[in-house]
Amino acid sequence: DPGGEPGGFDALRQELERTYDVRPVSLSDTTPLPDSVRAIVALGTVDSLEPAQLARFGAFLDRGGSLLVLAGGMSLGGGGGQFAAERRVGWNALLERYGVTISSDLVYDLASNEHVGIPTQFGRLLLPYPLWVRAVSTKASTLNADVDGLLAPWVSTIVADSAPAWRRRSSRRAARAAWTGASRRSSRGGSSAATRSPRASSRCS
């Protein structure tokens with residue numbers, strides 16, 4: 001629990017406890033997570049993660065652990081979300097390694113949303129509220145076959161990169177190694193770097 005979103009998650013915890021052994025995980029603790037921990041639910045948004053914290057959760061994911069991050073890129077105020085301001089998502093420093101980031105924005109849907117009551121001098125008036133997005137289930141998967149829909153109030157977009165950061169770094173290292181090797185062979189009178197360059201590119205793609 002990063003401590004960013006107090007309250008509101010008791011129902012989720014109680015539901016998980018019906019099937020799983022649920023225990024708290026402190027964000028400030030930097031000791032390796034035990035092998036008995038298979039999945040972590042991170043509730044709330046932190047501004048940043050220290051290198052030791054990144055290493056701890058990175059090692060957990062590298063050994064096959066699962067991480068569900070419930071965080072948003074905007075802070076709401078004014079009661080009922082009347083005002084919103086951008087905020088840093090500290091989890092992105094970890095998520096971007098796997099090609100995913102949480103944006104500092106708000107999703108809205110003009111066609112599929114929830115109606116909310118707006119007080120007027122004549123009583124409460126039900127109006128569509130695009131920032132409370134209602135997602136309709138396709139029921140095409142075993143995961144959502146029994147789910148009719150999902151209400152997502154004040155959520156941020158998720159950006160998925162086709163090439164995660166670790167893969168881009170590996171590709172750049174492979175390209176540099178291939179180019180260096182081609183250049184050395186060229187200096188010894190072998191094949192030219194120009195003829196080796198396309199082969200290096202094909203390895204990196």
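A search of the whole predicted structure finds three aromatic pairs, where rings of Phe, Tyr and Trp (its six-membered ring) are paired if their centres lie within 6.5 Å, with planes under 30 degrees apart counted as stacked, over 60 as edge-to-face and the rest as tilted. A pair of aromatic rings is described by the distance of the centres and the angle of the planes. In one of these pairs, the ring centres of Tyr-129 and Trp-132 are 5.9 Å apart and the planes stand at 80°, so the arrangement is edge-to-face. The rings of Trp-132 and Trp-154 are likewise edge-to-face, because their planes stand at 80°, with the centres 5.4 Å apart. This second pair links distant parts of the chain, with Trp-132 in strand E7 and Trp-154 in the loop between E8 and E9, 22 residues apart. Through such ring pairs Tyr-129, Trp-132 and Trp-154 are linked into a cluster. Strands (E, at least two residues) and helices (H or I, at least four) are DSSP runs, numbered from the N terminus.

The model is predicted: local features need pLDDT of at least 70, side-chain atom pairs count only at pLDDT 80 or more, and totals for chains, interfaces and linings use all residues. Residues are numbered from 1 along each chain as its sequence is written, and side-chain values use heavy atoms, with hydrogens and water left out.

Trp-132 is partly exposed, with a relative accessible area of 24%, and Trp-154 is partly exposed at 25% relative accessibility; the term covers values between buried (under 20% relative accessible area) and exposed (over 50%), for a 1.4 Å probe and protein chains only. Trp-154 also has a phi near 55°, a positive value in a residue other than glycine. Most residues other than glycine have a negative phi. A positive phi near 55° is found at Lys-139 as well, a residue of the loop between strand E7 (123-136) and strand E8 (149-153).

Of the two partners, Lys-139 is partly exposed at 40%, whereas Asp-148 counts as exposed at 61% relative accessibility. Seven salt bridges are found in the whole structure. Among them, Asp-35 and Arg-63 meet at 4.0 Å (N to O). Asp-35 is exposed, with a relative accessible area of 63%, and Arg-63 is partly exposed at 36%. A further salt bridge joins Arg-134 and Glu-114 (2.6 Å, N to O). Since Arg-134 belongs to strand E7 and Glu-114 to strand E6 (residues 113-120), the pair ties together parts that are 20 residues apart in sequence. Arg-134 is partly exposed at 32%, as is Glu-114 at 22%.

On the surface, Leu-12, Val-41, Leu-68 and Leu-70 form a nonpolar patch with about 270 Å² of accessible area together. Leu-70 lies in strand E2 (residues 66-70) and is partly exposed at 30% relative accessibility. Elsewhere, the charged end of Arg-56 sits over the ring of Phe-57, 5.9 Å from its centre, a contact defined by NZ of Lys or CZ of Arg within 6 Å of the ring centre and within 35 degrees of the ring normal. Patches consist of residues with over 30% relative accessible area and no salt bridge, like charges being joined within 9 Å and nonpolar side chains (Val, Leu, Ile, Met, Phe, Trp, Tyr) within 5 Å. Accessible areas come from the Shrake-Rupley method with a 1.4 Å probe, and for residues only the protein chains shown count as cover.

Conventions:
A salt bridge is a side-chain nitrogen of Lys or Arg within 4 Å of a carboxyl oxygen of Asp or Glu.
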